[in-house]
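Hi there,

Here is the structure I promised to pass on to you. Have a look at it first, and then read on for what turned up.

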Amino acid sequence: SSDANGVKMSETRQCSFAWVAGFPIRGESIDGFLKSKLKPDDVIAMVQKYFSPYLHSNDLPKSDGNNVNDQKNDDWQLIADTYKNKIGWVPNRGVGSTMTLDFANLKQSIQTIYWGILKSYGAKWKDATARVQALQRPSVANTASSSSSWTLAGSADLLGFHDKNTSEMYMESLKLTKPVLRGNDLRVTIQLVNGTTFKLQGIAFAVDDAEMGKHLEPYCDRRIKVVATCLKSNNKLEPL
């Protein structure tokens, strides 16, 4: 059976794609990762490898029509500030810098996207704002046409600054107005729309957030408990 949004009730509440700075990508225990001696460059290589199948390697066509034209895969760069848990994606080209991730023929429906963002202070972070969008279409793998149009499933503006003299990661949730159903293609974009910088430190897809956080691990910080629960529920994360 399915719920009111068409999501099959039999689908498990696990993350189909998840990454949070300072946590394992796949296979390794969280405690083991936190105690590891990996160098920042090693962690960057691991994260880059995990994202690589979904990142655009070429400019999007001019006819795309979804405000992500002219995006290059170097618009956002993965960097490490001092230590591995400070790793994050930052815009390279100022306002308009866009990173686009494509996931084809989803094996699991998605209702919520969680974003781990750094919030900081001072002139560098003044007005830092990124716009995130999720778009879907019938999978080109399951249709005769390769030109199915994208429809907006959800959008939000995320703020990368706050009124505290601290730099902290917060989880922001984007509840999709139209769930991306199993078998569809998903496109996720993040674009710098104000300020001079921004930092993305996590992203995760969830089928349903109703039960997320019920069984929290004691090491989980309050701001990352939901995604940590996702990671724990499906420790060996498999690509879509």
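Let me start with a charged pair: Lys119 and Glu172 form a salt bridge, with their closest N and O atoms 3.4 Å apart. Lys119 sits in strand β5 and Glu172 in strand β8, so to speak distant parts of the chain, 53 residues apart. With a relative accessibility of 15%, Lys119 counts as buried, while Glu172, at 25%, counts as partly exposed. Please keep in mind throughout that this is a predicted model.

**The surroundings of β5**

The strand that carries Lys119 deserves a look of its own. All of β5 (residues 110-119) is buried, 10 residues of 10, so the strand is largely enclosed by the rest of the structure. On the β8 side (residues 168-180), β5 pairs in the antiparallel sense over nine bridges, and Ile117 stands opposite Tyr170 there. β5 also runs antiparallel to strand β10 (residues 200-206), to which six bridges join it. In that pairing, Gly116 has Gly202 of β10 as its bridge partner.

**The four-stranded sheet**

Next comes an open sheet of four strands, in the order β4-β9-β6-β7, with antiparallel pairing. Its edge strands are β4 (98-103) and β7 (151-159), each of which pairs on one side only. On average, neighbouring strands of this sheet are turned by 15° against each other, direction ignored. Between β4 and β9 (residues 184-194) there are six bridges, again in the antiparallel sense. Met99 stands opposite Ile190 of β9.

Asp102 counts as partly exposed because its relative accessibility is 22%, whereas Arg187, at 5%, counts as buried. Another salt bridge brings together the side chains of Lys126 and Asp127, at 3.9 Å from N to O. Lys126 counts as exposed at 55% relative accessibility, and Asp127 is partly exposed at 31%.

**Nonpolar cores**

Which residues have the most contacts inside the largest nonpolar core? They are Phe51, Trp89, Trp115 and Ile203, in a core of 41 residues. Leaving aside residues up to four places away in sequence, Phe51 touches Phe17, Trp19, Trp89, Leu101 and Ile203. Apart from this core lies another one of eight residues, among them Phe23, Tyr114, Met169 and Ala206.

**Where to be careful**

The protein chain has an average pLDDT of 75, and 63% of the residues score at least 70. Over residues 58-72 the pLDDT is below 50, although the model gives this stretch 29 contacts beyond near neighbours in sequence. Residues 234-240 also stay under 50, and for them the model has 23 contacts beyond four places in sequence.

Happy viewing, and do write back with any thoughts.

Best wishes

Terms used. Residues are numbered from 1 along each chain as its sequence is written. This is a predicted model: local features need pLDDT of at least 70, side-chain atom pairs count only at pLDDT 80 or more; totals for chains, interfaces and linings use all residues. Side-chain values use heavy atoms; hydrogens and water are left out. Two strands pair if DSSP finds at least two bridges between them. Helices (H or I, at least four residues) and strands (E, at least two) are DSSP runs, numbered from the N terminus. Axes are lines fitted to C-alpha atoms, for helices over the stretch in contact, and angles run from 0 to 180 degrees between N-to-C directions. pLDDT is the predictor's confidence in each residue, from 0 to 100. Contact means heavy atoms within 4.5 Å. A nonpolar core is a set of buried Ala, Val, Leu, Ile, Met, Phe, Trp, Tyr and Cys residues joined through side-chain atoms within 4.5 Å. Buried means under 20% relative accessible area, exposed over 50%, partly exposed in between (1.4 Å probe, protein chains only). A salt bridge is a side-chain nitrogen of Lys or Arg within 4 Å of a carboxyl oxygen of Asp or Glu.
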